[in-house]
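Dear colleague,

I am passing on to you the structure we spoke about, and I would be glad if you opened it beside this message while you read.

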Amino acid sequence: MEESSSRNMRREEAKKVRQKTVKKRSTEEEEEEQDEIFNFNKKPAEEEEEEEDEDLSDSEDSVFSGLEDSGSDSEDEEEEGSNDKEDGDDEGLKTGPEESEQIEEEKGGVTHKKQEDEYERDSSDEEDIRNTVGNIPMEWYRDFPHIGYDLDGKKIYKPIRNKDELDEFLDKMENPDYWRTVHDKQTGSDIVLSDEQVELVNRLQRGQFGDVNFNEYQPQVEFFSGDLMVHPVSNRPADKRSFIPSLIEKEKVSKLVHAIKMGWIKPRRQDDDSRGRYYDLWTNEDSSILAKHRMHLPAPKIPLPGHHESYNPPPEYLFTDEERALWEQQDLSDRKFPFVPQRFSSLRQVPAFPRFIHERFERCLDLYLCPRQRKMRVNVNPEDLIPKLPKPKDLQPFPTTQSLVYRGHSGLVRSISVSPSGQWLASGSDDGSVRFWEVRSSRCMKTVQVGGAVRSVAWNPNPSVCLLAVALDSVVLILSPSLADRQVVSSSERLLSGQQEEEPAEGVGPVTWSEGEGEELNQGIRLKIQHPKAVHQVAWHAKGDYLASVMPDHSSHLQVFIHQVSRRRSQNPFRKNKGLVQCVSFHPVRPYFFVATQRSVRIYNLVKQEMTKKLQANSKWISSMAVHPGGDHVVCGSYDCRLSWFDLDLSTKPYKMLRHHKKAVRGVAYHRLYPLFASASDDGSVIVCHGTVYNDLLQNPLIVPVKVLRGHVITHDLGVLDVTFHPTQPWIFSSGSDATIRLFT
């Protein structure tokens with residue numbers, strides 16, 4: 001009974017399925033007429049059943065349900081009723097294509113399953129067969145009513161989605177399969193994933209294999225076994241081609257032989273291992289390869305051991321006590337041998353050499369660290385290195401011989417000066433006297449006792465007056481020796497007494513002017529200028545009215561004073577201490593003032609009252625200075641035996657440094673007319689140099705030493721103290737520590 005009732009149920013279900021398919025076909029024909037076709041032929045049967053069950057899903061049937069809702073046909077209501085009945089029945093009753101086939105066969109009374117078509121359930125995971133647009137962004141169809149094209153080239157229209165956000169939310173709350181529903185962009189439909197598909201997704205997310213049954217740790221199956229087989233795998237007889245030479249291979253070999261003969265292919269060079277893998281770096285030094293390198297030098301060979309290195313050296317190689325003591329005192333580099341030769345009775349008794357590792361290490365350093373380079377020897381004639389200078393004979397006249405000796409002083413003659421006419425010579429000495437000599441006869445015309453060691457004397461360079469400035473202690477005296485005609489003497493008196501009737505202008509406080517009185521007037525002392533400190537040097541301006549005095553002192557800025565004789569006033573040109581002033585000089589033509597400190601020479605513009613240049617002497621202590629009559633060159637002597645020639649237009653550094661003297665340079669001087677300059681030194685010599693200055697600025701001065709003049713005797717380590725040229729003749733005067741003055745002509 002039960003079997004017959006179940007059969008009746010199945011027959012009723014089969015009838016319903018047939019009715020549905022007939023309805024669907026009629027509706028499809030209507031849709032095709034309206035160009036609204038949807039392709040359902042390839043949809044799996046299970047999906048169709050689910051879509052019938054769920055009205056809200058967006059599958060193919062939901063398209064029709066959406067269309068039919070709007071029409072609300074009676075057929076659909078019947079279908080819904082039948083669906084509700086089916087839902088109420090057993091859930092397992094789902095009719096697929098297999099079951100319908102079984103039912104059809106059961107009509108005939110025979111129940112056997114028809115063989116399954118193997119391509120029935122075949123589907124492609126890569127792409128949906130219904131939509132043929134390919135792998136393109138589906139956003140391109142966003143603004144179109146269709147979503148692609150089917151296999152026949154007809155449009156696939158988008159499903160009508162009438163769900164709003166509220167329906168979406170209700171679906172999310174009520175539909176238990178919402179979490180596994182996926183939207184397919186290519187078809188525009190929602191697909192509910194099965195449990196197997198969800199499990200596959202989870203496995204892939206965890207990084208596992210897609211197949212559950214795949215064992216990733218299964219043992220590897222060896223294709224070839226490691227055992228040696230006794231019998232062959234096949235008993236097939238060998239081919240005929242294995243006995244006959246191949247023609248193709250013969251052609252290849254002939255090509256290779258031809259290429260080797262032509263030299264296109266070079267055979268590999270066989271490495272000869274007979275020489276050994278280790279070799280001496282320095283053995284093959286004289287080979288042709290190293291000879292190609294010009295700069296290569298072989299490493300120096302270690303000298304072969306001699307008799308002194310023997311364990312039983314001959315007795316003459318053994319050190320005596322004196323030789324051993326001398327060897328120990330010597331420096332390591334000065335020793336003849338690096339060890340003391342010793343005698344042993346046998347080789348067994350020789351101890352280890354203590355410096356063995358040290359010596360080996362030094363030898364290694366010599367081999368790889370010492371720069372060995374062959375320098376090309378330049379064959380230069382030594383005479384070519386000497387600059388081509390004119391011969392001294394071509395540079396005459398210059399003083400060569402000692403003509404006169406002026407004797408009379410009993411102390412050091414520190415300073416001498418010649419009158420502008422060249423007729424008279426004044427000298428100041430440590431014996432406290434100033435003497436006036438006639439140049440041609442060496443006769444002392446006048447002696448003035450000033451009562452102190454004279455540091456400096458200077459004749460007024462103006463030929464229209466006859467005055468002498470004398471520096472001793474802290475006083476500068478102005479003497480009028482009256483060794484000239486009446487006109488010159490009267491003009492000198494007028495210069496000294498020009499401002500006498502007026503009160504002297506207010507000068508600098510430390511300096512006081514006073515006139516000579518009594519016996520001083522008889523000796524010719526006309527003016528006395530009192531200074532705050534000891535005066536070392538006096539220098540006249542070329543016009544003869546201004547006089548500069550130097551008082552070297554570190555602590556004070558009162559080191560230089562400039563006095564105007566006609567107005568009897570003095571001024572200090574410097575507010576600050578610029579260093580220890582050694583000597584000063586006026587420019588012969590321009591309003592410039594030269595101040596020499598220990599290391600440098602400063603040049604000041606007296607009109608603008610500013611420093612214009614600073615000359616770096618490159619010497620430790622400047623002793624003396626002279627300015628060229630042209631005014632563009634300066635020569636400085638220093639206590640470190642150097643003579644510096646400066647070209648003011650060229651640089652602030654010396655154009656030439658002369659080191660002709662062995663001791664300190666005490667004095668330097670230029671000739672007023674001839675291209676000569678001279679330097680006096682403590683070594684007792686006066687060196688006369690020819691110094692031609694060209695008007696062309698591009699041509700450097702020509703400096704040639706022409707004569708060394710000797711004659712002074714060195715006393716108390718002092719030689720020649722001062723030097724000066726005759727104003728008109730190529731003669732030179734020198735004063736020395738031997739209390740004499742000598743004239744070289």
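Below is what was found in it, going from the whole protein to single residues.

Please keep in mind that this is a predicted model. The protein has 14 helices and 33 strands, and 34% of its 745 residues are buried. Its accessible surface comes to about 50,200 Å², with 50% of that belonging to carbon and sulfur atoms.

Asp 164 sits in the loop between strand 2 (155-157) and helix 6 (165-174), and with a relative accessibility of 44% Asp 164 counts as partly exposed.

A search of the whole structure finds 15 salt bridges. One of them joins Asp 682 to Arg 666, where the closest N and O atoms are 3.0 Å apart. Because Asp 682 lies in the loop between strand 28 (676-681) and strand 29 (685-692), while Arg 666 belongs to strand 27 (residues 665-670), the pair ties together parts that are 16 residues apart in sequence. Asp 682 is buried at 5% relative accessibility, whereas Arg 666, at 28%, is partly exposed.

Asp 738 and Arg 742 form another salt bridge, with 3.4 Å between the closest N and O atoms; here Asp 738 is buried, with a relative accessible area of 16%, and Arg 742 is buried as well, at 8%. Finally, Glu 199, Arg 203 and Arg 206 are linked in a network of salt bridges.

Notes. Residues are numbered from 1 along each chain as its sequence is written. This is a predicted model: local features need pLDDT of at least 70, side-chain atom pairs count only at pLDDT 80 or more; totals for chains, interfaces and linings use all residues. Side-chain values use heavy atoms; hydrogens and water are left out. Helices (H or I, at least four residues) and strands (E, at least two) are DSSP runs, numbered from the N terminus. Buried means under 20% relative accessible area, exposed over 50%, partly exposed in between (1.4 Å probe, protein chains only). Accessible areas come from the Shrake-Rupley method with a 1.4 Å probe; for residues, only the protein chains shown count as cover. A salt bridge is a side-chain nitrogen of Lys or Arg within 4 Å of a carboxyl oxygen of Asp or Glu.
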